[in-house]
Amino acid sequence: MNGHLSFTTLAAGRGSGTFGEMATRRENGRPALPAWAKKPPVDGVLIVPTALAGTLKKALGPLGRLLVPSTRFVAFESEGVWGLSRQLGLTMDNAKDLRHALEVLASHDLPVLHLDLHVEKGAAGALVEVLASPAAARLSALIIGLAEPFEVAGAVASAVQRTPGLRRLELVARGGGSDVVSVVEAAKDLRLLSLVSVGLRGPDLKRLAKTKALTQLESLKLLHVQASDRELAALFASPWAKTSLRSLQLSRAEKVPSDYPGLGSLTALATLDLGFVSSKGLAAVAGAPFVQRLKRLALHGSTLDEAVARTLAAGGLPALEVLHLKWATTTVKAVDALVKVAPRLQLLELPAGLEAQKSWVKRGRQIL
């Protein structure tokens, strides 16, 4: 992975004050605009004045070219606060500079709220320097991508614990590492959680199922999980999974068909993306109460036969907008059964060798 760091910085309310004070200041029920705002937001976007952009470039020095674009410089709202979005790389040599950048932006009423760190190999230790910044306590989203095993859970958990407004947490690594679940447990109230190739095992899933920070979780992405179907079922049995989870992306580390027992009990799902699900697992999904609410269904490394497709289609697919079968094994008859009952289908992705039928073509629909 080539290291690059992505900032999403969002500006707080007018004047000085703590993060909690600024996040709750509102005018007419809306987040208060920062002091530098010259015009009201348009489509949720604030234009940063040219004068402020110039001041920031001077204050940031060489980093100004990366953090302050020469084109339109904009801020958007997140968790009641305004700010920006940027990407950079974290290396052992630039950690102090990036921490300084966070603090400079915060001092100009543009504190970082979304931070997407793609860490160069060998630079995981630099996370301690960046995340220790007081400005990092204002994050509403933290995304960390490592080109090596995740061995920095302690530093990341400490940062997350100091970040009460964090709603989105994404961790990507190349192989297992230290206690990643401790990072999740340090959060207060997550809405989106993504853990990819971080070495999750059965005991980790049991802890996730009981984690208070996930009580209102809406989106969950777990890829390359090193757990059995039975252990995954324990996660799906958690109250939050059954009632609040609207989006699920899931695959086990082993590329073998999985039943994913308990999946059918997730009542609120609108998006489902499964890797290597067995025919039995697909049949369970087909009979689940959330099927008619599905907006997106993606199957990877799985076989969708006509019988299961007809079961999926039995009650109709009135909400389905995306059907991703590019990496699945299926037939024309199976796909036809789904397309016929999906009037809102906008994107249909087919596996190589499967020819789209004329009856599937519809204005506004894309078939790949």
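Helices α8 and α9 pack at an angle of about 10°, with their axes 8 Å apart; axes are lines fitted to C-alpha atoms, for helices over the stretch in contact, and angles run from 0 to 180 degrees between N-to-C directions. The two helices are therefore roughly parallel to each other, a description that applies to angles under 35 degrees. The model is predicted, so local features need pLDDT of at least 70 and side-chain atom pairs count only at pLDDT 80 or more, while totals for chains, interfaces and linings use all residues. Residues are numbered from 1 along each chain as its sequence is written, and side-chain values use heavy atoms, with hydrogens and water left out. Helices (H or I, at least four residues) and strands (E, at least two) are DSSP runs, numbered from the N terminus.

Contact denotes heavy atoms within 4.5 Å. Gly202, Leu205, Leu208 and Ala209 of α8 meet Glu231, Leu232, Ala234 and Leu235 of α9. Six of the residues in this contact are nonpolar, one is polar and one is charged; Ala, Val, Leu, Ile, Met, Phe, Trp, Tyr, Cys and Pro count as nonpolar, Asp, Glu, Lys and Arg as charged, and the others, Gly among them, as polar.

In helix α9 (residues 229-236), the buried residues are Asp229, Leu232, Leu235 and Phe236, where buried means under 20% relative accessible area, exposed over 50% and partly exposed in between (1.4 Å probe, protein chains only). Seen down the axis of α9, these residues fall within an arc of 105°, so they line one face of the helix; the arc is that of the directions from the helix axis to the C-beta atoms. An α-helix has 3.6 residues a turn, so residues three or four places apart point the same way. The cover over the buried residues of α9 includes α8 (202-210), β12 (219-225), α10 (239-243) and β13 (247-252).

An open sheet of three strands has the order β4-β5-β6, with antiparallel pairing; two strands pair if DSSP finds at least two bridges between them. Strands β4 and β6 (81-83) stand at the edges with a single partner strand each, so one side of each is left without a neighbour in the sheet. From one strand to the next, the twist averages 30°. Three bridges join β4 to β5 (residues 74-78), and valine 45 stands opposite phenylalanine 76 in β5.

Aspartate 43 occupies the loop between β3 (30-31) and β4 (45-47). Its phi is near 55°, a positive value in a residue other than glycine, and aspartate 43 is exposed, with a relative accessible area of 79%.

Notes: Parallel < 35°, antiparallel > 145°, perpendicular 65-115°, else oblique.
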